Structures are given as C-alpha cells and as structure tokens.
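Here's a structure to get to know through a few questions and answers. Let's have a look at it together.

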Amino acid sequence: MKSIRTAIFGTGFMGRVHLEAVRRVESVEAAAIAGRNEEAAQRLGAAFCVPAMTDYRDILRDPAIDAVHICTPNTQHFSMAKDALQAGKHVICEKPLTTTVAEAEELVSLAVRQGVRNSVCHNLRYYPMVQQMRCLCEAGDLGEILVMQNTYSQDWLLYDTDWNWRVDAKAGGPSRCMADIGSHWFDMAEHVTGLRLTSLCADLQTFHATRKQPRHSVETFANKLMGPEDYIETPVETEDFGAVLFRMGARTRGCVTASQVSAGRKNRLSIEIYGTKSSVSWDQERPDELWLGHRDTGNEIFVKDPSLLKPGARSYADLPGGHSEGYDDTFKQVFRRFYASIRKTGTPEYPQFVDGLRQLTILNAVLESHRRRRWMDVPSI
C-alpha cells in the first residue's frame with residue numbers, strides 16, 4: 001500500500017508533537033516541514049531526517065504531498081488552511097480553527113467544495129477513559145444528566161514574567177485562555193454527553209495588565225528559565241481566567257472555569273458529570289483512572305484496561321491494562337482515524353472543521369457575554 005505523504009507547518013511545541021505522532025501512524029510518511037525560522041526548521045528536519053523549508057507554499061505546490069498539519073500561531077490558521085484546501089490537500093489544523101466565526105464558515109464551505117478530508121485537532125477526546133465516559137452516557141448508565149462541574153487549569157502563565165505567543169492578540173486572537181484550553185473542554189463536554197450548549201453567561205479576567213515579553217522567541221512552556229535582563233514590558237489584552245455558567249439540552253446545568261494562573265496545576269482538565277442514576281469524573285492529570293459515583297452503594301475507581309472497557313471505547317486503547325496511555329497517544333488516535341478516512345468512504349470518526357466552527361461559535365458567545373454582562377444564546381450549527 002502506498003504511503004500517504006504529509007507535511008507539518010510549524011516547528012514549535014505543537015509542530016514537534018504532530019511530527020512525532022505522525023511517525024507512529026501506519027502507512028503515513030512525514031515528508032516535509034515548514035517553519036518561518038530557518039534555523040529552527042532545519043534543526044527539527046535534521047533531527048527527524050525530514051526536508052525543511054521556510055515557505056509553506058513551496059510544499060503546497062508539490063503534487064506528491066497529500067496532506068498538511070497546521071501547527072502555527074492561531075492568526076495564521078485561516079490563510080494556511082485556505083491555501084492548502086485550494087491546493088487540494090487534506091488538512092489537519094490545530095485549534096482554534098480560526099480566530100473568527102466568518103473565517104471558520106468559509107473554511108467549512110471550501111472543504112466541502114474541494115471534497116477533501118479536514119480535521120480540527122481536538123485530540124483530548126481520544127483518551128480511552130474519555131471514550132468510556134461517552135459510552136456510559138450513550139448507554140444510559142448515568143441516567144439523565146443533571147449537573148456538570150468542571151475546570152481546565154494550568155499554571156504556566158502565573159507570573160508576569162511568563163510569556164508565550166498566545167499572550168499576544170496579534171498572534172493568538174482576541175481570546176487566549178478560553179480559546180486555548182476552554183475550547184478543549186467545551187468540545188469534550190458536547191462529545192461525551194451528546195448534549196449541546198444552548199446559552200451561557202461568562203466572566204473573564206486579565207490578572208496581568210502587562211507582562212515581561214522575552215527579547216527573543218521562546219517555545220511553549222520554556223519561559224520559566226529566563227532572567228530579568230531578557231524581558232520587555234508589554235501590555236496584555238487577552239484573558240488569564242474565564243468562568244462560564246451554561247445550559248445544555250433541556251434541563252442540564254453546569255459551570256466551567258479555565259485558568260492559566262492556577263499554581264500547581266500543570267494541565268488539569270477535570271470533567272464531572274452527575275446524572276439521575278450515577279456520576280462519573282475524569283482528571284487529565286490522572287488519565288488512566290475514572291471515578292464512578294453512586295448514591296446507595298460504594299463509589300468506584302476504574303483503572304484503564306481495554307478488556308474491561310465498553311466495546312465502543314476499546315479501540316481507543318492500544319496497550320493492555322497497567323500500561324499507561326497519555327497525551328501523545330491521543331494524537332496518534334486522531335491521526336490514525338484521519339488518515340484511514342482518506343483511503344475509504346464513510347463518516348469520519350474525528351472532529352472536523354464544522355466542529356471547529358462550533359467552538360468558534362461558543363467562544364464568540366463567551367466574549368459577547370463578558371462584554372455585555374449578560375446571558376447569551378449559543379446559535380446551533
């Protein structure tokens with residue numbers, strides 16, 4: 001079987017994650033890398049024995065390239081994805097798909113017209129225990145879902161000396177915390193429960209009105225090693241924290257906070273779902289464990305074991321019980337399904353551009369609710 005040849009746009013933290021995951025997928029070849037910083041691109045390419053260049057358009061002109069991964073700053077997603085779709089390439093794009101609803105709508109329509117596969121990398125759906133939660137909801141094991149209580153907390157931007165391109169609205173867009181990590185939670189919540197957000201009320205907060213921007217580029221999560229002489233005082237427009245009350249379906253109520261200033265929390269997406277029969281809770285910092293709550297019997301801690309997972313969740317676990325599967329494995333699961341869909345017809349088993357549009361619609365309602373200090377309806381799409 002001929003390998004599918006793919007290219008990675010972006011050489012930072014996420015570009016490397018995508019590159020490593022692509023190399024774990026059957027019959028897929030990482031054939032090119034593009035990065036604006038020539039030295040960084042050449043260094044990454046040499047490490048993985050992959051050709052590297054600075055202009056992604058040179059890769060799009062190559063008919064031997066079948067697909068591309070867009071792992072660049074958010075404001076570059078739209079133009080790169082549009083160029084790739086017009087070149088007839090299949091596209092995986094990091095989230096958020098774009099920085100505006102209008103741009104996302106244009107990409108959704110263009111992908112349909114071009115007849116190519118498209119995905120937004122909401123990879124956190126693909127932990128085995130997240131899929132187990134989804135199967136529990138689908139089977140009715142929780143009963144009617146009444147309440148969801150949740151958070152996504154990190155601490156890597158706690159200090160005013162912490163900086164990343166995401167802080168700059170010119171690179172990351174009008175929202176940071178809710179767009180970067182809040183969108184992961186909302187996507188997971190709708191995916192797991194099968195319910196849709198109908199309305200919400202949001203409050204956002206920027207704790208550091210200015211931050212000390214490094215005088216030179218730094219990779220994501222690498223800013224903790226810098227000294228005072230390396231900074232420039234820079235105004236900040238994007239939020240450090242967000243809190244959202246929301247309504248889902250007919251009766252479900254919930255709340256979620258997203259924070260990048262929570263000391264000690266490294267990458268904690270926590271989702272708690274409370275139903276009329278039982279409850280379930282999952283913590284991304286302990287990904288192989290699922291808490292099951294009961295009213296009249298003892299609670300349970302279920303440790304990941306493919307032989308004990310529900311059938312619908314079993315294919316998301318490649319390793320036997322007692323062998324952890326984590327963050328990097330979620331990318332492998334998304335990419336495996338994406339590339340399999342290129343070879344066959346049928347309904348894709350991964351988030352598509354339309355799901356990215358859905359998250360932009362929710363994010364737009366969050367920003368508007370905060371601005372207007374009121375509840376906002378979330379349009380259906």
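Q: Which residues touch the most other members of the largest nonpolar core?
A: A nonpolar core is a set of buried Ala, Val, Leu, Ile, Met, Phe, Trp, Tyr and Cys residues joined through side-chain atoms within 4.5 Å, where buried means under 20% relative accessible area, exposed over 50% and partly exposed in between (1.4 Å probe, protein chains only). The largest one here has 76 residues, and those touching the most other members are Phe9, Leu200, Phe246, Trp282 and Phe353.

Q: Which helix gives the largest share of this core?
A: This is a predicted model, where local features need pLDDT of at least 70, side-chain atom pairs count only at pLDDT 80 or more, and totals for chains, interfaces and linings use all residues. Residues are numbered from 1 along each chain as its sequence is written, and side-chain values use heavy atoms, leaving out hydrogens and water. Helices (H or I, at least four residues) and strands (E, at least two) are DSSP runs, numbered from the N terminus. Nine core residues, the largest share, come from residues 177–193, helix H8.

Q: Is Leu146 buried or partly exposed?
A: Leu146 sits in strand S7 (residues 145–153). In contact (heavy atoms within 4.5 Å), Leu146 touches residues including Arg251 and Tyr274. Its relative accessible area is 33%, so Leu146 is partly exposed.

Terms used. Lists of a residue's contacts leave out its neighbours within four places in sequence.
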